[in-house]
Amino acid sequence: MSLIVAKFGGTSVADYAAMSRCADIILANPDTRVVVVSASSGVTNLLVELTQEQTCDERRMQLIKKIAHIQYQILDALGSPQEVAARLDTVLSRISSLSEELSRNRNKATMDELLAQGEQCSSALFAAVLREKGEAASAFDIRQVMRTDSHFGRAEPQIEQVALLADEYLAPLLSSQRIVTQGFIGADENGCTTTLGRGGSDYSAALLAEALKATAVEIWTDVAGIYTTDPRLAPKARPIAEISFNEAAEMATFGAKVLHPATILPAVRQKIQVFVGSSREPERGGTWIRHQVEDEPVYRAVAVRRDQTLLNLHSLQMLHAQGFLAETFATLARHKISVDLITTSEVNVSLTLDKTGSDSAGNGLLSEALLQELSQHCRVRVEDDLALVAIVGNKIASTPGVCRRVFEVLEPHNVRMICQGASPHNLCVLVSESEAAQVVSALHKNLFEQ
Ligand SMILES: Nc1ncnc2c1ncn2[C@@H]1O[C@H](COP(=O)(O)OP(=O)(O)O)[C@@H](O)[C@H]1O
Ligand SMILES: N[C@@H](CC(=O)OP(=O)(O)O)C(=O)O
């Protein structure tokens with residue numbers, strides 16, 4: 001039996017008109033049984049602000065009002081069905097009490113509980129939009145199924161548990177109705193709400209597809225697929241019809257916001273194909289991400305990831321010695337930091353860390369405790385305001401002329417760090433944040449617009 005899991009991002013569920021368009025996409029395919037939604041556009045940002053320490057009482061009231069306004073507008077357009085209105089009232093008063101609780105006692109568990117409320121609203125409203133169109137549909141609380149560890153703000157799903165719970169609680173519902181559920185959120189073994197990190201709804205959809213052995217995952221967003229670069233940076237960027245799992249994973253990892261980096265993992269594990277398309281213009285088609293593709297060009301796309309931090313570690317102990325890197329990585333691992341790029345010399349190691357990979361509430365990665373620990377065995381220098389630009393493609397490391405072409409374009413810019421060769425699928429350069437847009441546009445012009 002074919003089963004499709006469709007995910008709709010924030011802009012796709014921003015208001016009633018957007019939700020209604022998405023509902024039509026779902027209704028056009030009887031195999032789309034599971035619908036994963038993000039919070040309505042802007043709501044998670046408002047909730048993040050509510051979790052911040054510096055937010056005063058007056059601002060908290062304003063933020064709650066703004067969230068209520070976005071959600072009640074959708075409810076009004078639906079004709080305010082009683083059960084949905086009651087649900088929304090409950091969620092909004094929960095937002096209010098959780099934010100009050102946080103202002104007295106800041107803790108990560110309450111933050112996640114608060115951040116999860118955006119998806120509670122959108123899923124209840126979206127299920128009602130489907131019902132309004134005459135379809136059997138209900139909202140399902142994914143916390144029954146999406147079991148994670150207790151790393152609040154950036155929880156790790158427990159894949160086997162998720163599969164067992166999906167089989168027990170979710171699968172039996174699918175034959176009689178469409179299920180609308182929340183992306184981004186889960187619960188630990190104690191039932192405490194967790195979040196998977198910003199942008200995590202794509203990952204939720206792929207995890208559910210894996211758990212339910214679905215045939216495909218559809219990611220419906222505000223662009224008609226994955227483009228050769230972010231169309232906001234290069235107006236001549238073109239949609240890519242078909243791309244391999246490897247290339248898509250590199251693109252997501254290196255910042256193509258259209259896909260959360262972890263999304264591809266479950267799809268790769270189970271060879272589930274992923275479609276990315278525009279919920280505003282579904283007729284334009286989109287991108288298929290597949291295990292095998294016909295065309296594997298050297299240059300596929302340019303991605304950019306902002307908010308990079310470079311950590312420079314200097315130690316004379318490194319000279320002709322062993323174990324320095326092991327010690328450094330053990331320290332980073334204890335602080336749950338994953339390193340992206342790395343270059344070394346005799347007495348220096350440079351590592352890039354991704355601040356966009358901070359937790360759902362936007363807490364940074366580089367804690368004082370970590371810096372102090374590292375300082376015990378080396379001199380630490382931190383550089384901020386950097387961006388990672390990645391050329392993604394195939395056989396990059398074994399195709400002559402790639403570097404010449406890329407560095408010709410980069411000539412007027414200061415390249416802070418270069419990484420190439422570990423993967424055949426990318427060549428990365430670290431540049432200053434202020435030059436990133438220019439670098440992307442120049443690379444795109446040279447590699448894709450000639
Ligand atoms: N290579 C790319 N192809 C398409 N979109 C991209 C790419 N890189 C970045 N983007 C950006 O990703 C955005 C969609 O991601 P996002 O805003 O997270 O969507 P959603 O809210 O639907 O999850 C697009 O509007 C686009 O500007
Ligand atoms: N609402 C969450 C989860 C998410 O994935 O959103 P979106 O699909 O709009 O990127 C966030 O803003 O991070």
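Modeller: Below is a walk through the shell around one ligand, then through the elements that touch on it. The model is predicted, so local features need pLDDT of at least 70 and side-chain atom pairs count only at pLDDT 80 or more, while totals for chains, interfaces and linings use all residues. Residues are numbered from 1 along each chain as its sequence is written, and chains are lettered from A and ligands numbered from 1 in the order in which they are written.

Start with ligand 2. The residues around it (C-beta atom, placed from the backbone, within 6 Å) are Gly9, Gly10, Ser38, Ala39, Thr44, Gly118, Gly183, Phe184, Arg198, Gly199, Gly200 and Ser201. By class, two are nonpolar, nine polar and one charged. Here Ala, Val, Leu, Ile, Met, Phe, Trp, Tyr, Cys and Pro count as nonpolar, Asp, Glu, Lys and Arg as charged, and the others, Gly among them, as polar.

Take Ala39 from that list. Alanine 39 sits in the loop between strand E2 (32-37) and helix H2. Helices (H or I, at least four residues) and strands (E, at least two) are DSSP runs, numbered from the N terminus. Alanine 39 has 31 C-beta neighbours inside 10 Å, so it counts as buried. The cut-off for buried is 20 or more other C-beta atoms within 10 Å, with C-beta atoms placed from the backbone. Beyond four places in sequence, alanine 39 contacts Gly10, Thr44, Gly118, Glu119, Cys121 and Ser122. A contact means C-beta atoms, placed from the backbone, within 7 Å.

An unreviewed UniProt entry lists Thr44 and Glu119 under "binding site". They are spread over 76 residues of sequence, yet cluster in space, with a largest C-alpha distance of 8.5 Å. Positions follow the numbering used here, feature names are shortened, and such annotations may be inferred rather than shown by experiment.

Threonine 44 lies in helix H2. It has 24 C-beta neighbours inside 10 Å and therefore counts as buried. Leaving out residues up to four places away, it touches Ala39, Leu115 and Gly118. Glutamate 119 lies in helix H6. With 29 C-beta neighbours inside 10 Å, glutamate 119 counts as buried. Again leaving out residues up to four places away, its contacts are Val37, Ser38, Ala39, Gln182, Gly183, Phe184 and Ile185.

Now widen the view to H2 (residues 43-51). Its buried residues are Val43, Thr44, Leu47, Leu50 and Thr51. They cover an arc of only 110° around the axis, which puts them on the same side of H2. The arc is taken from the directions from the helix axis to the C-beta atoms. These buried residues pack against helix H3 (57-77), helix H4 (82-104), helix H5 (108-115) and helix H6 (117-132).

Finally, ligand 1. It has 19 residues around it, and the closest are Gly9, Thr221, Tyr227, Asp230 and Val258. Its shell holds seven nonpolar, eight polar and four charged residues. Thr221 belongs to strand E7, where Val217, Ile219 and Thr221 are buried on one side and Ala216, Glu218 and Trp220 on the other. Six of the six residues of E7 (residues 216-221) are buried, so the strand is largely enclosed by the rest of the structure. E7 pairs in the parallel sense with strand E1 (residues 4-8) over five bridges. Pairing requires at least two DSSP bridges.

Note on methods
A residue is buried if 20 or more other C-beta atoms lie within 10 Å of its own, exposed if 12 or fewer, and partly exposed in between; C-beta atoms are placed from the backbone. Two residues are in contact if their C-beta atoms, placed from the backbone, lie within 7 Å.
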